[in-house]
Amino acid sequence: MLRILVIEDDPEAANYLVKGLSELGHTADKAGDGETGLQMALESEYDILIVDRMLPKRDGLSVIEELRKSGNHTSVLILSALGQVDDRVTGLKAGGDDYLPKPYAFTELQARVEALARRPKTASQIETTYTVGDLTLDRMAHSCRRGETEIPLQPREFRLLEYLMQNAGQVVTRTMLLENVWEYHFDPQTNVIDVHISRLRGKIDKGFGAPLLHTIRGAGYTIRDAAQ
């Protein structure tokens, strides 16, 4: 599952893309102008940006250039009615990773999105440390701390916490945990998640004041800063 931001000012085209991507199992957000899209891309983590070249308030190439200047290296697929060779070259030089002229077939867009997702990430794209409130997880050192306290975690607990912190502030469902932490593509109908969540909560929350790990009844779990 990918998290994708669609920056497209045509509501019908944007809704078409969001619907199609959602049906493929991805999470798709949308922005109707370049300025809003830029702020969303800077403030949230996305796997791929789909950016229309001609946008109100700030054009698509300007959005991409600003992202690259800020150090954001999220993969970008440019959509544009401008499909000549020079147009594509300009888009790629501005920082785009791929360029798809309009009109296009959704199956081709899907293939290009999947190809971008398969590209190995650069060192600048790979996060090694996650922080939520005073809780820090260091993937390289394989360590976890809350404040000044070192928290020992078993491998599965570490992976569970890592996935929750990668999606901090969002509700993570049971299915998402089964697929991404346990690599089950079916529900084995066991309480394995409940047991591990309980153990993890006991380690990262017990004795530390305000809890960070929350159960969202009927939906799943979320980890968020206690101050939020």
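**Labels and their cut-offs**

Author: Let's start with Lys-57, which is exposed because its relative accessible area is 72% and the label exposed needs over 50% (buried is under 20%, partly exposed is in between, with a 1.4 Å probe and protein chains only). Before going on, this is a predicted model, where local features need pLDDT of at least 70, side-chain atom pairs count only at pLDDT 80 or more, and totals for chains, interfaces and linings use all residues. Residues are numbered from 1 along each chain as its sequence is written, and side-chain values use heavy atoms, with hydrogens and water left out.

Reader: What makes the phi of Lys-57 worth a remark, and where does the residue lie?

Author: Its phi is near 70°, a positive value in a residue other than glycine. Lys-57 lies in the loop between β3 and α3 (60-69). Helices here are DSSP runs of H or I with at least four residues, strands are runs of E with at least two, and both are numbered from the N terminus.

Reader: Why is His-142 called partly exposed?

Author: Its relative accessibility is 46%, so it falls between the buried and exposed limits. His-142 also has a positive phi, about 50°, although it is not a glycine. You'll find it in the loop between β7 and β8.

Reader: How do you know that the length of helix α5 fits a helix?

Author: The expected span is 1.5 Å times one less than the number of residues. For the 13 residues of α5 (residues 106-118) that gives 18 Å, and the end C-alpha atoms are 18 Å apart, so the two agree.

Reader: Which residues of α5 are buried, and why are they said to share a side?

Author: The buried ones are Phe-106, Leu-109, Val-113 and Leu-116. They cover an arc of only 80° around the axis, which puts them on the same side of α5; that arc is taken from the directions from the helix axis to the C-beta atoms. The face turned away from this buried side carries the exposed residues Thr-107 and Arg-118.

Reader: What covers the buried residues of α5?

Author: The cover includes β1 (3-7), α1 (11-23), β3 (48-52), β4 (75-80) and β5 (98-101). A contact means heavy atoms within 4.5 Å.

Reader: What makes Tyr-16 and Phe-106 an edge-to-face pair?

Author: Rings of Phe, Tyr and Trp (its six-membered ring) pair if their centres lie within 6.5 Å; planes under 30 degrees apart count as stacked, over 60 as edge-to-face and the rest as tilted. By this rule the count comes to 1 aromatic pair. The ring centres of Tyr-16 and Phe-106 are 5.9 Å apart and the planes are at 75°, so the pair is edge-to-face. It links distant parts of the chain, with Tyr-16 in helix α1 and Phe-106 in helix α5, 90 residues apart.

Reader: Are those two residues buried or exposed?

Author: One of each sort, roughly: Phe-106 counts as buried at 15% relative accessibility, while Tyr-16 counts as partly exposed at 45%.

Reader: How do you know that the charged end of Arg-3 sits over the ring of Tyr-46?

Author: The rule asks for NZ of Lys or CZ of Arg within 6 Å of the ring centre and within 35 degrees of the ring normal. The charged end of Arg-3 is 4.5 Å from the centre of the Tyr-46 ring and sits over it.

Reader: Why do β6 and β7 count as paired?

Author: Two strands pair if DSSP finds at least two bridges between them. β6 and β7 have 4 bridges in the antiparallel sense, so they qualify. Tyr-130 stands opposite Leu-137 in β7. Their hairpin has 2 residues between the strands, and Gly-133 there takes a positive phi near 60°.

Reader: What makes β6 and β9 edge strands?

Author: 4 strands form an open sheet in the order β6-β7-β8-β9, with antiparallel pairing. β6 (129-132) and β9 (149-150) each pair on one side only. Inside that order, 4 bridges join β7 (residues 135-138) to β8 (residues 143-146), and Asp-138 stands opposite Ser-143 in β8.
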